[in-house]
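Thanks for making time this morning.

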Amino acid sequence: MLALIRELFPICRSITGDGLRQTLSRLGELIPLETHEVPTGTQVFDWTIPKEWNIRDAFIKDRSGRRVVDFEENNLHVVNYSVPVRARMTLRDLRPHLHSLPAHADWIPYRTSYYTEAWGFCLSHRVLESLPDDEYEVVIDSSLRAGALTFAECVVPGRLDDEFLISTHVCHPSMANDNLSGVAVAVMLARILAGARPRYTYRFLFLPGTIGAITWLALNEVAAPKVKHGLVLACVGDRGDVHYKRSRRGDADIDRAVEHVLRTKHEPFAVEDFSPYGYDERQFCSPGFDLPMGGFRRSPGGQYAEYHSSADDTDFVSAPHLAHSLGTLLEVIDLIENDVKFLNLSPMGEPQLGKRGLLPAAGETAQLALLWVLNLSDGRSGVLDIAERSGLPFDVLRPAIESLLNGGLLEERRRPADRSERSTMMHEP
Ligand code: ZN
């Protein structure tokens, strides 16, 4: 994942254009990807697909011809979506177009001018302060023309038509945590699930933020209710603790599953309620859709100093934290995949476990797991309910369920819709 982040890092992405295409085309070498091009001018709900933005070069040259700000050196130097410019101007005239971070004088900020025709440069405050009051040559060799908005999806077919949707934004230029980390973790999840023959159908979306999510929803308005669970992945590679933002519903299975996994890991974590701000959960949880989708992240966007700056680089993310995010997500998926209902076949009093050889020799927790599964398998409670009420991790419940099934004390209770399914027990993805 870290290698993929490093490889994609230099590409100048945006909400449209060739940098986005190049990124998605590389992802298509790693997972089966269907890429869509939606023409400029297409109406998507209340929005319109904008003109396509591409850039070749940009710089500010001083009188001696030296590039004091150079897009070739860092693509954050140009305000993303800047209109083309070719001018000579004094520092005084140029100054309103220059953005820096006085509190972090060596960092270059990341700024955009989507949906407003403007231009500008971002530079370190140190460089800005060093510019003499003189005349400069200013060039942004960009184009804004009718084209398309590009997005891509990867579908891992499951035994059910019901979908688990995982969405990540892919429109940021050279920044690692926000959000190549989300892209890399999503790619790895798709690869692992593709080899696991899951119960749910998994759909991975690689979208330009906001407009991409709105576009996908507009094109999938009828199919969207198939989404039974979902997560928006962002900022999943930094050293912060896992931070989960609940879906708008607040008590969706995905909210309960993530919170249960986090609680039983005995590591610090944070959970916050839904708010109509942040990443594309804003769109998926808009009232017309209200999809059961939460936000999975480590340090939340906007709440770490390096956010939207050149300091969100490949050193800001780490392989162990990417792996921890991936592992936690796999635990959540494992729980959701196995959240089925069972029926205790010997519900009159406790069945005698000892005579069946089911009483675990070692450890109280394993015995507790057996008793919880038996007691709550009344045909109404599912595995997620049992996990929540017992406080036991699914890893502890799984062997208890398996031995009760094998011992003839439990049978799976299928929903009518699940009849065509093959046995769902119980393989980790
Ligand atoms: Zn961002």
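A cavity here is a set of points, on a 1 Å grid over the protein atoms alone, where a 1.4 Å probe fits but cannot get out, and lining residues are those with an atom within 4 Å of a point. What we are looking at is a predicted model, in which local features need pLDDT of at least 70 and side-chain atom pairs count only at pLDDT 80 or more, while totals for chains, interfaces and linings use all residues. Residues are numbered from 1 along each chain as its sequence is written, and side-chain values use heavy atoms, with hydrogens and water left out.

By that definition the structure holds 1 cavity of 30 Å³ or more, and the space in the largest cavity is about 40 Å³, a volume being the space filled by probe spheres set on grid points that are joined across faces, edges and corners. Its lining consists of Arg13, His169, Val170, Cys171, His172, Asn179, Leu180 and Val183. Helix 5 (residues 176–194) supplies the largest share of that lining, 3 residues, where a helix is a DSSP run of H or I with at least four residues, numbered from the N terminus.

Now to the packing. The largest nonpolar core has 73 residues, and Phe204 and Phe206 have the most contacts inside it; such a core is a set of buried Ala, Val, Leu, Ile, Met, Phe, Trp, Tyr and Cys residues joined through side-chain atoms within 4.5 Å, with buried meaning under 20% relative accessible area for a 1.4 Å probe, protein chains only. Helix 5 gives the largest share of this core, 10 residues. Because domain 1 (2–50 + 148–337) and domain 3 (341–413) both contribute residues, this core lies between them, the domain bounds coming from an automatic or database domain assignment. A second, separate core of 59 residues includes Met89, Trp119, Tyr136 and Val227.

Turning to the open spaces, a pocket is an open set of grid points with protein on both sides within 12 Å along at least five of seven lines. The largest pocket has a volume of about 630 Å³, and of the 27 residues that line it, Gly278, Tyr279, Arg282, Tyr307 and His308 are the closest to its centre. Domain 1 and domain 2 (52–145) each give at least three residues to that lining.

Finally, is Thr328 buried or exposed? Thr328, which lies in helix 9 (residues 319–337), counts as buried because its relative accessibility is 1%.

Note on methods
Helix = DSSP H or I, 4+ residues; strand = E, 2+ residues; numbered from the N terminus. Buried < 20%, exposed > 50% of the residue type's maximum accessible area, 1.4 Å probe, protein only.
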